[in-house]
Amino acid sequence: MKPIQWDKVNESLESFKNKLDIDAIIDKYDELLEDLFLIRNPRFKFQPDYKKELEDFINEYKGDKQLEEAGEWFYFPWNKILVHYLPDDMHQEIRTARNKNIITEDEQEKFYNTTVGIAGLSVGSHGVLTLSMMGGSKTIKVSDMDVVSGSNLNRIRHDFTVIGRNKCDVAVEELYQINPYADVHSYNTGITDENIDEFMSGLDILVEELDNLEMKIKLRMKAKELGIPVIMATDNGDNVIVDIERYDLDKNTEIFNGAAGHLTLEEFRAIPPQEMPKLATKIAGPKVVVPRMLTSLLEVGKTLYSWPQLGDAATLSGVAIAYIIRRIALGEKIKSGKLEVNLDAIFDPDYHTKEATETRENIRENFLKTIGLEI
């Protein structure tokens, strides 16, 4: 699943178009060049009379060619749209111009050249799209075997036209339309014992967002072996729990930063099914999971089909993922362990009152007793 690029050396643009089944052509190249001109000439921000300078810029750029033949054309076979893009370096320049100088030019290059793997594309879809939107990670590996369902759309940034389609395929299409020069590797059958080595090979950072506990452990074992840092963001009501495991700094780091104890794969496989909720709770963080999430978990399979998740938390997870990737990519200091991004603690004026704190703790204690977990 890749866009088809016009081979300008070996065929004419007209010939390229004639062999394609095109439903729409998008050519805003003159507007892109004007945007690029203004980026490179910021003095015109407050001097709107730049028509002559812009004409000179475009004429110098295109030389004796027609504007239609400048840059690159990409055809997206999944929607039959043909799009006219700036060349690779100019495309990256224009789409990251507003990052400066929150992200400097040198930092942007490091960020772009960091290879990231994202396993799981529910919450992970927000991470990978935010990452690409910010101009990060030209090379990306994405994995998910599941299809988009109607109930996913309360938290995944898609619409009902993609119901029944593989989550990985949908994400790949969006990534290429953001940046057709990207190098996206798709694993739309999920991570398996057969492809885990291939998926992990060459990664600088792993984002793990799977539901499968055994594969969560296997990916971390492989990350430890290869010295690859792992990021996991878990939506938590309206909030987010973030886990950062820096196997790149210390290969002796326990998986899940020790939240599950000294757990081996063999020990995991020996855990009886009725004990799995305890393990999942330990990994998630029983001291930080919000009360409504805890009480809802007890209703799964009774009054609820699955655990609750919200779009604001999934979106916030994507923000956290992209932020952490950038800091690690740039070699900046960042905390390890289990961390909260807690909107309730910031915006709820009663959150820190004694009554509210006691209520949360009582709900937490009752939940832990119900599942037989003592913390």
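**Entry 1: Phe76**

I started with Phe76 and, skipping its neighbours within four places in sequence, found it in contact with Pro3, Ile81, Val83, Tyr85, Tyr176 and Gln177. Contact here means heavy atoms within 4.5 Å. A note to myself: this is a predicted model, where local features need pLDDT of at least 70 and side-chain atom pairs count only at pLDDT 80 or more, while totals for chains, interfaces and linings use all residues. Residues are numbered from 1 along each chain as its sequence is written, and side-chain values use heavy atoms, with hydrogens and water left out.

Phe76 sits in strand β3, residues 72-76. Is Phe76 buried or exposed? I got 1% relative accessibility, so Phe76 counts as buried. My cut-offs are under 20% relative accessible area for buried, over 50% for exposed, and partly exposed in between (1.4 Å probe, protein chains only). I also checked Pro48: Phe76 and Pro48 are 28 residues apart in sequence, and their C-alpha atoms are 36 Å apart in space.

**Entry 2: the whole chain**

Next I zoomed out. I counted 15 helices and eleven strands; these are DSSP runs numbered from the N terminus, with helices being H or I of at least four residues and strands E of at least two. The C-alpha atoms fill a box of roughly 75 × 50 × 40 Å along the principal axes. Of the 375 residues, 47% are buried. I looked at contacts between residues at least 6 apart in sequence, and 66% of them join residues at least 24 apart.

The accessible surface comes to about 19,500 Å², and 51% of that belongs to carbon and sulfur atoms. Such areas come from the Shrake-Rupley method with a 1.4 Å probe, and for residues only the protein chains shown count as cover.

**Entry 3: two surface patches**

Then I went looking for patches, which are made of residues with over 30% relative accessible area and no salt bridge, joining like charges within 9 Å and nonpolar side chains (Val, Leu, Ile, Met, Phe, Trp, Tyr) within 5 Å. A salt bridge is a side-chain nitrogen of Lys or Arg within 4 Å of a carboxyl oxygen of Asp or Glu.

Which residues form the negative patch? I found Asp348, Asp350, Glu355 and Glu358 there. Asp and Glu count as negative, Lys and Arg as positive, with His and the chain ends not counted; a charge is placed at NZ of Lys, CZ of Arg, CG of Asp or CD of Glu. Glu355 lies in helix α15, residues 354-371, and is exposed at 63% relative accessible area.

The nonpolar patch of about 300 Å² is made by Leu297, Val300, Leu304 and Trp307. I placed Val300 in the loop between α12 (291-297) and α13 (311-329). Val300 is partly exposed, with 33% relative accessible area.
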